[in-house]
Amino acid sequence: ENIKFDYSKGAIKQHEIQYLKSPILKAHEMLHNKTGAGNDFLGWVDYPICYDKDEFERIKKAAQKIRNDSDVFIIVGIGGSYLGARAAIEALSHSFYNEIADGPKIYFAGNNISGTYLKHLLEVIEGKDVSINVISKSGTTTEPAIAFRVLKAYMEEKYGKEEAKKRIYATTDSKKGALRTLAEKEGYETFVIPDDVGGRFSIFTPVGMLPIAVAGLDIEQMMNGAKDARVEYMEEDLEKNMCYQYAAVRNILYRRGKTIEVMVNYEPSLHYIAEWWKQLYGESEGKDGKGIFPAAVDFSTDLHSMGQYLQDGRRDLFETVLNIESPKLDITIKEDEDNLDGLNYLKGKTMDFVNKKAFEGTLLAHVDGSVPNLILNVPKMNEYYFGKLIYFFEKACGISGYLLGVNPFDQPGVESYKKNMFALLGKPGYEELREKLIKRI
Ligand code: PA5
């Protein structure tokens, strides 16, 4: 049993793969010898074996404490400091986790600037025992900073400063940033995001590990998955490395004008894996006027909304299906005497059987509609395979970026909106830009 990449429905010719053998090898060497662009952000490559083991134990202890003394756990963070934990918790926990959780209910904050959302959250947690993990690598991101200012004041009023500080955990840079200064001054327990790991590659660091452990998930197994993936996807021969094959095939399709990659799933719990994946690929590849646009759909739900476009709209897309081979649970469809709904032909079949037929039928229809389909077969969704899958995508992303000729590890584009927003808000230091922008509005 293993994760398998199947591109037989991708309309790829074998010689196209052959032609990429040497560029892939070059990208592999750039990544492993740290000679490519962004080489000071490659800490994630060996992180599954190099991580701080003492800190990992401290994460488990903190998670246990939070599970023992809290009804509610709030994760404050955005982008790379948010999506990984959410992807794991949604993919691996009960679909209605907060309704039946044997640990704290989990909420997310600081991933938007909505006062309505935060006010509603404060209403929901009223009268409950709360712990908070505030996560920010830079320590200065506006969304989590505002949410944390509000939540910190709430906690201090509720518990007093002394007890509040025992319930707030900060994950940030080891030295720099406002959150580091604040955490040290207030005496919060802190966890470190290494300098050489960028936000979207940080799920295996405390950024992901603490919230995931609080949800009662096995972070040891997740790390094992990443560890095995690190070895498996280190293979430099394209023909033996499925992770590199994924990078190669999407590059071939991109050059053919398939500039949109649609990630498809058939399990609602995978929705946030696609959200995490969108950030990983969008931020890594979308620069210098280049890059595949990463999009995502949840099937069969979205077959009833986006199905028409996918089948028949502009032909500039390809799909990558995340196929979980064995579902966590299943339901067998029973015979009904009256058969008024006409479903008796499915008697004795499971819902997963029907779901898989929807997958196969859609796959063939979309291929007939000139949408190349790539399939990632994952044996089951557990901590181990989740860890492996995440590392698969991270490694393929680094290789994809180098194949495309971009720096996959920076994100200069996300600064532009921030500058404008700060100027319009009147942040000190942005006076000149403010003048210019106000004239344009
Ligand atoms: O990948 C990135 O760099 C961004 O998405 C960041 O993760 C996001 O902006 C949050 O940044 P920070 O962790 O510094 O608050």
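Me: Two strands count as paired if DSSP finds at least two bridges between them. With that in mind, which residue is the bridge partner of Lys4 in strand 10?

Reply: Keep in mind that this is a predicted model. Strand 1 and strand 10 (residues 373-380) are joined by three bridges, and they run in the antiparallel sense. Look along strand 10 for the residue bridged to Lys4, and you land on Asn377.

Me: What is the mean pLDDT of the protein chain?

Reply: For the whole model, the scores are ipTM 0.97 and pTM 0.97. Going residue by residue, 100% of the chain reaches 70 or more, and the mean pLDDT is 97.

Me: Which strands sit at the edges of the sheet?

Reply: The sheet is open and has five strands in the order 1-10-9-7-8, with mixed pairing. An edge strand here pairs on one side only, and that picks out strand 1 and strand 8 (293-298).

Me: What angle does helix 12 make with strand 8?

Reply: Helix 12 (residues 271-285) packs on the sheet and touches strand 7 (260-265), strand 8 and strand 9 (317-326). Compare the direction of helix 12 with that of strand 8, and the angle is about 175°.

Me: And which strands does helix 14 touch?

Reply: Helix 14 (residues 351-368) also packs on the sheet, and its direction makes about 165° with that of strand 9. The strands it touches are strand 9 and strand 10.

Me: Is Ser8 buried or exposed?

Reply: Ser8 is in the loop between strand 1 (4-6) and helix 1 (14-32). Its C-alpha atom is 8.2 Å from that of Asn373, although the two are 365 residues apart along the chain. Ser8 has 9 other C-beta atoms within 10 Å. A count of 12 or fewer means exposed, so Ser8 is exposed.

Me: How many residues around the ligand are charged?

Reply: There are 14 residues around the ligand, and Gly79, Gly80, Ser138, Thr141 and Gly199 come nearest. Sort the shell by class and you get two nonpolar residues and nine polar ones, while the number of charged residues is three.

Me: How many residues of helix 9 are buried?

Reply: Helix 9 (residues 206-214) is mostly covered. Its buried residues include Pro206, Met209, Leu210 and Val214. Just after helix 9 comes Gly216, with a positive phi of about 85°. As for the helix itself, out of nine residues the number buried is nine.

Me: What is the omega of the peptide bond from Phe299 to Ser300?

Reply: Ser300 lies in the loop between strand 8 and helix 13 (307-312). Most peptide bonds are trans. The one from Phe299 to Ser300 is cis, with omega near 5°.

Key
Residues are numbered from 1 along each chain as its sequence is written. This is a predicted model: local features need pLDDT of at least 70, side-chain atom pairs count only at pLDDT 80 or more; totals for chains, interfaces and linings use all residues. pLDDT is the predictor's confidence in each residue, from 0 to 100. Helices (H or I, at least four residues) and strands (E, at least two) are DSSP runs, numbered from the N terminus. A residue is buried if 20 or more other C-beta atoms lie within 10 Å of its own, exposed if 12 or fewer, and partly exposed in between; C-beta atoms are placed from the backbone. Two residues are in contact if their C-beta atoms, placed from the backbone, lie within 7 Å. Axes are lines fitted to C-alpha atoms, for helices over the stretch in contact, and angles run from 0 to 180 degrees between N-to-C directions. A residue is near a molecule or strand if its C-beta atom, placed from the backbone, lies within 6 Å of it. Ala, Val, Leu, Ile, Met, Phe, Trp, Tyr, Cys and Pro count as nonpolar, Asp, Glu, Lys and Arg as charged, and the others, Gly among them, as polar.
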